[in-house]
Amino acid sequence: MKRGVRIAASLAGLAIAMIAAATAPQDGTDIAAPFLVRGVEGDVLTTRLLTTRLDGIELADALEQDAYSSPRIDTEGQWLVVHLTVQTRQSTEGLSAARLLLDGREYGNYIGADDDLARIQNGPGIATSGTLVFELPADALRGAGAGHAELRLQTQVAPTLDDVPTYTLDLRGAHRSAEFRIPRPRVVEPLT
Amino acid sequence: MARDRGRLIRRAVIGGIAGVIVVAALAIVVSGGLADDGGRRVTTYRVGERIESGNARTVVESVTLSTRRPGSGFEASDGRRWLVITVVQTNLSDAPLFVTNLRIGINYGTALDQRDTTRSIDRAAGGQAASPLPPGVPTRLWYVFDVPATAAPDDETVVGVYRADRTYGDPVFGDTGYGSPYPVGRVPVDRVEDEG
């Protein structure tokens with residue numbers, strides 16, 4: 001009986017070890033990846049650091065701004081303008097590390113615009129509406145992923161094990177204009 | 001018997017040492033000797049030619065001297081001028097690329113290398129920042145050096161194209177830095193345009 005119990009326990013331990021080995025994260029598995037809190041245009045998403053709402057998107061060939069040194073920002077590609085309302089929850093945060101994922105490529109928001117929403121760092125509970133802009137190749141909308149690009153509103157380059165507001169964007173139906181004038185960010189009613 | 005064995009061992013040791021010395025000498029001779037070869041050879045390109053290396057494509061378009069800074073129009077300080085290298089950089093990777101990875105140097109008057117004396121990198125199409133370079137979008141940049149008005153070119157003005165690889169520290173918290181820049185191309189410039 002004791003010998004049988006020992007054999008059974010050994011087999012059970014072996015089975016557990018095999019299952020653990022088979023289900024363990026493989027090489028390349030990103031075990032430190034962020035948790036994506038998903039939504040679409042109009043949704044209010046709440047994460048640990050932010051409460052956000054995607055208010056719309058549009059495309060433009062050039063950007064204009066009220067800046068003496070650089071009133072116009074051109075590109076060899078095209079500009080994606082993302083309209084957002086952002087409210088921090090616990091501390092002052094910035095969006096200079098926002099990312100757009102499209103057809104296997106990752107784009108960072110352009111940080112050289114004077115009135116970029118990413119420069120705004122208001123205190124907790126203050127909602128600010130403005131825009132982020134992304135510079136894309138001229139043929140970016142021809143890919144299969146143009147209908148479901150992903151906007152991640154990250155507060156840091158590597159949001160390890162943190163939740164991130166993530167919006168799915170359909171770029172194919174976005175309005176296009178020759179120039180888009182970047183509006184100054186403005187304080188609006190709180191989202192929550 | 002023991003004496004013979006000892007003699008055999010001594011001869012084997014001496015023979016082994018001699019063999020190692022011979023092999024080492026042959027290796028030195030075949031590899032060109034111990035003299036310094038002056039470092040790695042860098043490929044020479046022409047102005048306007050594409051240089052592809054390290055996830056980016058670089059095209060050196062022109063080198064100009066001027067008292068007015070391109071874009072902003074700011075005047076150089078008294079006794080100084082702007083030396084501007086116009087370069088088109090294209091990010092060939094699938095993620096944002098920062099211009100810290102893509103460095104430019106030039107030998108003009110004093111040795112203007114890419115580490116110490118690059119005053120700034122301006123985006124020719126406008127905007128306050130040259131970074132990040134998005135994947136797949138050719139971006140014209142002005143690498144602006146502040147030089148004495150009396151600076152004169154060397155016999156051969158050469159633009160150096162460098163790369164600096166990002167190095168990753170902590171893989172969990174994303175600490176990153178940049179390694180030492182290394183050259184990927186040299187572009188001799190026949191003429192530095194003087195715009196006054």
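In which loop of chain B does Pro132(B) lie? Select Pro132(B): the loop holding this residue runs between strand 6 (120–123) and strand 7 (139–148) of chain B. The peptide bond joining Ser131(B) and Pro132(B) is cis, with omega at about -10 degrees.

**Before going on: confidence**

Remember that this is a predicted model. The predictor gives the complex an ipTM of 0.81 and a pTM of 0.80. Colour chain B by pLDDT. The average for chain B is 83, and 81% of the residues score at least 70.

**Chain B as a whole**

Show chain B as a cartoon. One helix and twelve strands make up its elements. Starting at the N terminus, they run α-β-β-β-β-β-β-β-β-β-β-β-β. Of the 196 residues in chain B, 27% are buried. Take the contacts in chain B between residues at least 6 apart in sequence: 68% of these join residues at least 24 apart.

**Strand 2 of chain B and its partners**

Select residues 50–53 and 56–66 of chain B, which are strand 1 and strand 2. These two strands run antiparallel and are joined by four bridges. Look for Glu52(B), whose bridge partner in strand 2 of chain B is Arg57(B).

Find Ser66(B) and look across to Trp82(B) in strand 3 of chain B, which stands opposite.

Strand 12 runs parallel to strand 2 of chain B, with two bridges between them. One of the pairs is Thr64(B) with Glu193(B).

**Across to chain A**

Show both chains and select the contact between them. Chain B gives 19 residues to the contact and chain A gives 25. On the side of chain B that touches chain A, there are eleven nonpolar, six polar and two charged residues.

**The five-stranded sheet of chain A**

Pick out the open sheet of five strands in chain A, whose order is 1-10-9-6-7 with mixed pairing. Which strands stand at the edges? Strand 1 (35–39) and strand 7 (105–108) of chain A do; each has a single partner strand, so one side of each is left without a neighbour in the sheet. From one strand to the next, the twist averages 30 degrees.

Walk the sheet from strand 1 of chain A. Strand 1 pairs with strand 10 of chain A in the parallel sense, over five bridges. Select Val37(A) to see its bridge partner in strand 10, Pro165(A).

Is strand 10 of chain A mostly covered or uncovered? Mostly covered: five of its seven residues are buried.

Move on to strand 9 (residues 149–152) of chain A. Strand 9 pairs with strand 10 (residues 163–169) of chain A over four bridges, in the antiparallel sense. Two pairs to display are Leu151(A) opposite Tyr167(A) and Ala149(A) with its bridge partner Leu169(A).

**A hairpin with a positive phi**

Go to strand 6 and strand 7 of chain A, which run antiparallel over four bridges. Leu101(A) stands opposite Glu106(A) in strand 7 of chain A. The two strands form a hairpin with two residues between them. Select Asp103(A) in the turn. This residue has a positive phi of about 50 degrees although it is not a glycine. Asp103(A) is partly exposed, with 15 other C-beta atoms within 10 Å.

**Last stop: the cores**

Which residues have the most contacts inside the largest nonpolar core? Select Leu63(A), Leu80(A), Val81(A), Leu132(A), Val133(A) and Phe134(A); the core has 39 residues. Strand 3 (50–64) and strand 8 (127–136) of chain A are among the elements that give two or more residues. Strand 5 of chain A gives the most, with six.

Centre on Val133(A). Beyond its sequence neighbours up to four places away, Val133(A) touches residues including Trp79(A), Tyr110(A) and Ala113(A).

Finally, bring chain B back. A second, separate core of 31 residues includes Val60(B), Val63(B), Leu97(B) and Phe145(B).

Notes: Residues numbered from 1 in each chain as written. Chains lettered and ligands numbered in written order. Predicted model: local features only at pLDDT ≥ 70, side-chain atom pairs only at ≥ 80, totals over all residues. Pairing = 2+ DSSP bridges. Axes fitted to C-alpha atoms, helices over the stretch in contact; angles between N-to-C directions. Contact = placed C-beta atoms within 7 Å. Nonpolar A, V, L, I, M, F, W, Y, C, P; charged D, E, K, R; others polar. Buried ≥ 20, exposed ≤ 12 C-beta atoms within 10 Å, placed from the backbone. pLDDT = per-residue confidence, 0-100. Core = buried A, V, L, I, M, F, W, Y, C linked by C-beta atoms within 7 Å.
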